[in-house]
Amino acid sequence: MTLPPPQPVISEPYKVVPIHKHRELMDQCIALINSEWPRSYTARLWSLESSKETLPTSFVLTTTDIKDETIVLAHAKLSPIPADREAVFVESVVVTRERRGQGIGRLLMQEVEKHCFHKLHLKKIYLSTIDQQAFYAKLGYKLCSAINIFGSRPTLNKSTKKIWMFKSADS
């Protein structure tokens, strides 16, 4: 019987901060997001500049290098769901390629959940994924039907590529 590898121990000092309070990190954040999903700099900047204390909100997970400079390692964007004011949609989560598998995505999602459930007092977090279902399942997310993330009507988004998942505040 083969045992799974042990979970990495997070020993570096990491911070999860909202991008709107750290505008100096926007260029690094744009480069990180575009490394996974290429798009124009202007479109990414516009999206990040919309971040605020309520929703939408973009978070970055950072550390410092040996020169004491802040480095962006991960990003998550939270967007409102017009048809459900008690829920949020995690629009994107990305961790820099060389730091994947080290617990950074888990730490970022834990901070996102604290923000959503304890600060915003939301009841559910929804997300969709193409290839990270196992990661989110380990964090307690469960499969669900697709939701409408764009309009106020509860019609379903019938995307066939994506797997839809949710987590409740009482989970």
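Buried means under 20% relative accessible area, exposed over 50%, and partly exposed in between, with a 1.4 Å probe and protein chains only. The model is predicted: local features need pLDDT of at least 70, side-chain atom pairs count only at pLDDT 80 or more, and totals for chains, interfaces and linings use all residues. Residues are numbered from 1 along each chain as its sequence is written, and side-chain values use heavy atoms, leaving out hydrogens and water.

View A. Helices (H or I, at least four residues) and strands (E, at least two) are DSSP runs, numbered from the N terminus. An α-helix has 3.6 residues a turn, so residues three or four places apart point the same way.

**View B. K167 in strand β7 (residues 163-168).** K167 counts as buried, at 12% relative accessibility. Its side chain makes a polar contact of 3.0 Å with that of E113. Contact means heavy atoms within 4.5 Å. Beyond residues up to four places away in sequence, K167 touches E113, F117, K123, K124, I125, L139, G140 and Y141. A polar contact is a pair of N or O atoms within 3.5 Å; within protein, one must be able to donate a hydrogen and the other to accept it, and residues adjacent in sequence count only if both atoms are side-chain atoms.

**View C. Cysteines C29 and C144.** C29 is buried, at 0% relative accessibility. C144 is partly exposed, at 25%.
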